[in-house]
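Please open the structure in your viewer and keep the sequence beside it, so that each selection can be found in both. The tour goes from one selection to the next.

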Amino acid sequence: MRRLFISDLHLSPARPALTEMACEFLDAQQGQVDEIYILGDIFNTWLGDDLVPTEFSPFVTVLQKLSDSGIKLYLMVGNRDFMLGKGFAKKVGASLLGDSYPIQFGDHAALLLHGDTLCLDDISYQRYRKVVRNRFLQWCFLKLPARFRQNISDQIIAKSKQKKQHKTAMIMDVNQSEVSRMIETHQIDILIHGHTHRPAIHELATSNDKPSYRVVLGDWDNHISYLIADDRQLTLHDHRLDSGFQSLRLI
């Protein structure tokens, strides 16, 4: 079983070159992998499954081609595209995952997250997250005309950028106690997430002296970032890593 993991593409109608890069990369995966997981922030904003920008049509087509070729697709929402729903997933032939998803790499148990739920020190964001993830408020939002949804989204993004200027890097990173709690609660060896835009494979100390690992997927800007994994090895590819990649042997 060969799996591909990516996250934080932040595709935007204003950046066609980024969408083109994503399409070319994913199209090349046909015949190379069995499963593809996109762990949130696929899109920089998402106003609802009924308002898919035409600029994303090539990306939608590529996902459909991958699904039709027999590759299993799994999508997870992030902090930017949390309004993405089952309608879009069904359109591209993918399964929509919840906030966490357990998988196995041979004898090693792993858990997939977007990563924002680990950033507990960012108190203002966690409060905001509770509000925008409210199902009733989301239902109300989807009933609004497109122009109102866009205005609300623009205001949220502007406020988010303003707040980030006053937050330290530590606040926006994961809370280590929460990472340890997730590993112990779910009885896993490997935690895989995106969100923080800090690609790396971290070895973690645990209470039972059994090694565990946190794999952080990188964001996409002008470069591709991805994790390739099978039951023997996980390899994280990102231009910011010292050698361009970092591997974790499982056997």
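Select Gly 70 in this predicted model: this glycine follows helix α2, and its phi is positive, near 105°.

Next colour Phe 59, Val 60, Val 62, Leu 63, Leu 66 and Ser 67, which are buried in α2. If you look down the axis of α2, these buried residues fall within an arc of 160°, so they line one face of the helix. An α-helix has 3.6 residues a turn, so residues three or four places apart point the same way. To see what the buried residues of α2 pack against, show α1 (16-27), β2 (35-39), β3 (72-76) and α3 (86-92).

Move on to Leu 4, which has its place in strand β1 (residues 3-6) and, at 0% relative accessibility, counts as buried. Val 33 is 29 residues away from Leu 4 in sequence, yet their C-alpha atoms are 6.7 Å apart in space. Beyond its neighbours within four places in sequence, Leu 4 is in contact with several residues, among them Phe 25, Ile 36 and Leu 227.

Finally, select Asp 116, in the loop between β6 (108-113) and α4 (123-132). Is Asp 116 buried or exposed? With 2% relative accessibility, Asp 116 counts as buried. Its side chain makes a polar contact with the side chain of Arg 129, at 2.9 Å, and the residues in contact with Asp 116 also include Asn 79, Tyr 125 and His 195.

Methods. Residues are numbered from 1 along each chain as its sequence is written. This is a predicted model: local features need pLDDT of at least 70, side-chain atom pairs count only at pLDDT 80 or more; totals for chains, interfaces and linings use all residues. Side-chain values use heavy atoms; hydrogens and water are left out. Buried means under 20% relative accessible area, exposed over 50%, partly exposed in between (1.4 Å probe, protein chains only). Helices (H or I, at least four residues) and strands (E, at least two) are DSSP runs, numbered from the N terminus. The arc is that of the directions from the helix axis to the C-beta atoms. Contact means heavy atoms within 4.5 Å. A polar contact is a pair of N or O atoms within 3.5 Å; within protein, one must be able to donate a hydrogen and the other to accept it, and residues adjacent in sequence count only if both atoms are side-chain atoms.
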